[in-house]
Amino acid sequence: MSGSDTSGRQETAAPAIELQGISKAFGPVQANKDISIRVMPGTIHGIIGENGAGKSTLMSILYGFYKADKGEIFIAGKKTDIPDSQAAIAAGIGMVFQHFKLVENFTVLENIILGAEDGGLLTPSLAKARKTLLELEHEYGLNVDPDAVIEELGVGMQQRVEILKALYRQADILILDEPTGVLTPAEADQLFRILDRLREEGKTIILITHKLREIMEATDTVSVMRRGEMTATVKTKDTSPAELAELMVGRKVLLRVDKKPAVPGDVVLDIKDLHVVDDKGVERLKGIDLQVRAGEIVGIAGVAGNGQSELLEVLGGYADATGEIRVNGQPLDLSGKHSDGRSRRARGIAHVPEDRQREGLIMDFSAWENTAFGYHRDQDYQSGVLLNNAAIRADTEAKMERFDVRPPNPGLAAKNFSGGNQQKIVLAREIERNPDLLLVGQPTRGVDIGAIEFIHQQIVALRDKGKAVLLVSVELEEILALADRVAVMFDGHIMGERMSAETDEKELGLLMAGVGN
Amino acid sequence: MEVMPKWAEVTLVPLISLLLAAILSALVILAIGEDPIAAVNLMVTGALGSTYGWGYTLYYATNFLFTGLAVSVAFHAGLFNIGGEGQAMLGGLGVALACLLIPWPHWTLALLGAAGAAALFGAAWAAIPAFLQAKRGSHIVITTIMFNFIGAAVLNYVLVNLMRPAGSMDPATARFPETTHLPTLHDILAPIGINFSKSAPANVTFLIALLACVLVWFLLWRTWLGYEIRSYGKSEPAAKYGGISPTAITMIAMLISGGLAGLMAINNVMGEAERLVLNAVEGAGFIGIAVALMGRSHPFGVLLAAILFGFLYQGGAELALWTSIPRELIVVIQALVILFTGALDNMVRMPLERLFLMMRRRNA
């Protein structure tokens, strides 16, 4: 996509942003180490790296949230100090955060002017802002109704509001932090078209992501970060996903999952007409029918918030539901006394929850305390009313070795492990119980590429042992790579099922957007 | 990795906080024209310079130990039990009923019976706010505070209308019978040749409080129940995922907490007053919050903090008695200690963490 006609201009103009020797440490952790980068005006510059590689820190320095320990920032050739976000805005930098910073019950227009009102009276500044906003929308083809209330807009639209907010503040440089995390593939394509248009209008865009595909599709230049250092900056058209992955991780990685065809056996999980109504009275699951057989991985695809979490919660035993769920032919209690995590585990259901830091682990507890979690009343972890701490510790040590958890220190608090190692602790706990049914939510969210490979292998190995696996992930690539069969959820319904060998991202993307067959 | 070594965390932070509180207190004493060094001298000799002083210091410490442990247990479950005051009051009612209604043959049996009644009444008084929290989501801070007032009113009614001996002008129960009188530290230590002050109120309950410390530690860090309590306190979503019932843990933790607060009554009601009077708790329920905060909700920390506050109470009383420093100022000093050790913890912690980081980097 890199326009060859613009490259001539790039060589002569001053870079829109130039960072020289930026370093930043948090305590003993060196988040950014001597980073230099030049971003040319009118280009889309990708920054890719694993979680914890230092991308967000670097952008926070650029946006004035952190102060660099060392190094200089040049904006359009001029040395600029950015002590706070006001300074960043004044320098023409706009930021679109991963989690939107919008007031939900305000209108689009009210959100746009929030913090940029002129004068003490609201009405004249709203009128003035409306005019500017409509001009901006027209100029960049970003159509949003100025009077729509944010909470009634879809995620894609909310993101447009964030972009408009930056443009309204006359940003020439837009930083987008993992912008596609919450979008359907179709919405992501739309976003990239918008970014193209912005680039044509002369804006400079920095795109932070960990998705190789997006880098390849959308950017002109890409910088790779690893462990706080900038390992390479290359022209996108001169590189390949495999090369970028290697630069990110520092070794060759397998980008696809090596697995044999599934040999499905008996039905392990049988869900019929499952309904869930949440605390606010909103129906989250609207009649789900789904089967998972022994020896197969069924993936649930869908944009976050379409009922996947609720499905996992019901199966995991901490949300009430109506309908019928059978595991190995026996019905599960869906409401009342015996629908809790303990009785689910007793029925051979293990659960790797979507949010390991909130649910799967207790971050202040040590690794060994976490290894017992959920199974702490099992015979082998107990002696009378006491916990058998020695047995749990020994078991944790063994599990840490088998799952290659680093550092292999059972006494270390969960919060001190990296995302990938935290996930390995949860996975070891759940998989090694040898469950009949494994529920896995977002198994590789926030996990580095090196660990992703290992985690996928473990899930496939469990399948090959003849166990049933229900996988929920918002990463379509992961679903397609791992699952044998894919069910797509939209708005509490299952829109359709496909064999993963016989479908592609485009077809699934349509189902995810609610376009039925 | 941890920013600060464990030893610094548990010793340096509270010590520096205390030092700051002491310096500020000294300035306040200077400001009203008294001599701070003489004041400290008086406090130390008054509270720790004699077995009489120690007897009072340990007596107060025993009260604070029970209420401090009570707050700590609830705190580990993520519940802020401010109702120690009310629970201890009701514990007193339990002790009074047990001592007056049952003809105990010996003080050991009376102690067991009264302790049971104290814990039961305290736990019952905590049970209602706990139930409201667990089932209705009424915030435990609000309800336990309200139950302190209700408890005071209940006790007032019971003492004035039901338990006051006929003809007495005093809203208090009759004296407990001789067989329920607990041995003081003087009685306990005399056989082994230590001559402990006869008139100091510290009694056998102090040993029971120490035992309670050990048991609470055991409960929290060695049993699966304690594990569930701590899990729930750290993360409710994780507890639900792990199959731990929020309702059950809220109830259990609050019952234990209320029971511990109630147990305080065997010290002040049975051990010291030997009858139930109005306002027997004297704010120990609230001091328990400070003690738990300062002790980081760890039984050993609570023990040290309870003794410190016992010292401040007794030393403060001596100050009020022998100098022209007014009683109110002693409350100011106690408040400063609470302020620095509890509320301003981060003020000391952050610079210390930075210091340790710098040292580590220089060594690296």
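**A:Asp273 lies in strand β11 of chain A.** This is a predicted model, in which local features need pLDDT of at least 70 and side-chain atom pairs count only at pLDDT 80 or more, while totals for chains, interfaces and linings use all residues. Residues are numbered from 1 along each chain as its sequence is written, with chains lettered from A and ligands numbered from 1 in the order in which they are written. Helices (H or I, at least four residues) and strands (E, at least two) are DSSP runs counted off from the N terminus. A:Asp273 isn't a glycine, yet its phi is positive, at about 50°. For background, most residues other than glycine have a negative phi, and most peptide bonds are trans. A:Asp273 counts as exposed because it has 12 C-beta neighbours inside 10 Å. The scale goes like this: 20 or more other C-beta atoms within 10 Å of a residue's own makes it buried, 12 or fewer exposed, and anything in between partly exposed, with C-beta atoms placed from the backbone.

**The strand holding A:Asp273 belongs to a four-stranded open sheet in chain A.** The order is β12-β11-β14-β15, and the pairing is antiparallel; strands pair if DSSP finds at least two bridges between them. At the edges stand β12 (283-293) and β15 (330-331), each with a single partner strand, so one side of each has no neighbour in the sheet. Zoom in on β11 (residues 267-277) and β12(A), and you get eight antiparallel bridges, with A:Val277 opposite A:Glu283. Helix α10 (residues 308-316) lies across β11 and β12 of chain A, at about 65° to β12(A). Angles here run from 0 to 180 degrees between N-to-C directions, using axes fitted as lines to C-alpha atoms, for helices over the stretch in contact.

**Chain A also has a six-stranded open sheet with mixed pairing.** Read across, the strands go β6-β7-β8-β3-β9-β10. The edges are β6 (93-96) and β10 (229-235), each pairing on one side only. On average, neighbouring strands are turned by 20° against each other, ignoring direction. Strand β9 (residues 221-226) runs antiparallel to β10(A), joined by six bridges, and A:Met225 faces A:Met230 across that pair.

**A:Gly509 sits in helix α18 (residues 505-512) of chain A.** With 20 other C-beta atoms within 10 Å, A:Gly509 is buried. Leaving aside neighbours within four places in sequence, A:Gly509 is in contact (C-beta atoms, placed from the backbone, within 7 Å) with A:Thr184, A:Pro185 and A:Ala186. The C-alpha atoms of A:Gly509 and A:Ala186 are 6.7 Å apart, even though 323 residues separate the two along the chain.

**A cis peptide bond links A:Arg406 and A:Pro407.** Its omega is about -10°. A:Pro407 is in the loop between α14 (389-402) and α15 (419-431) of chain A.

**B:Glu274 is another non-glycine residue with a positive phi, near 60°.** B:Glu274 has 16 other C-beta atoms within 10 Å, so it's partly exposed.

**The largest nonpolar core holds 249 residues.** Such a core is a set of buried Ala, Val, Leu, Ile, Met, Phe, Trp, Tyr and Cys residues joined through C-beta atoms within 7 Å. Touching the most other members are A:Ile175, A:Leu471, A:Val488, B:Val95, B:Ala114 and B:Phe309. Helix α3 (residues 51-76) of chain B supplies the largest share, 15 residues. Not counting residues up to four places away in sequence, B:Phe309 touches B:Tyr60, B:Phe64, B:Ile287, B:Ala290 and B:Val291.

**Where chains A and B meet, 26 residues of chain A and 19 residues of chain B take part.** On chain A's side, the elements giving two or more residues are α11 (341-346), α12 (356-360) and β18 (386-387). That side has 10 nonpolar, nine polar and seven charged residues. In this tally Ala, Val, Leu, Ile, Met, Phe, Trp, Tyr, Cys and Pro are nonpolar, Asp, Glu, Lys and Arg are charged, and the others, Gly among them, are polar.

Key:
Two residues are in contact if their C-beta atoms, placed from the backbone, lie within 7 Å.
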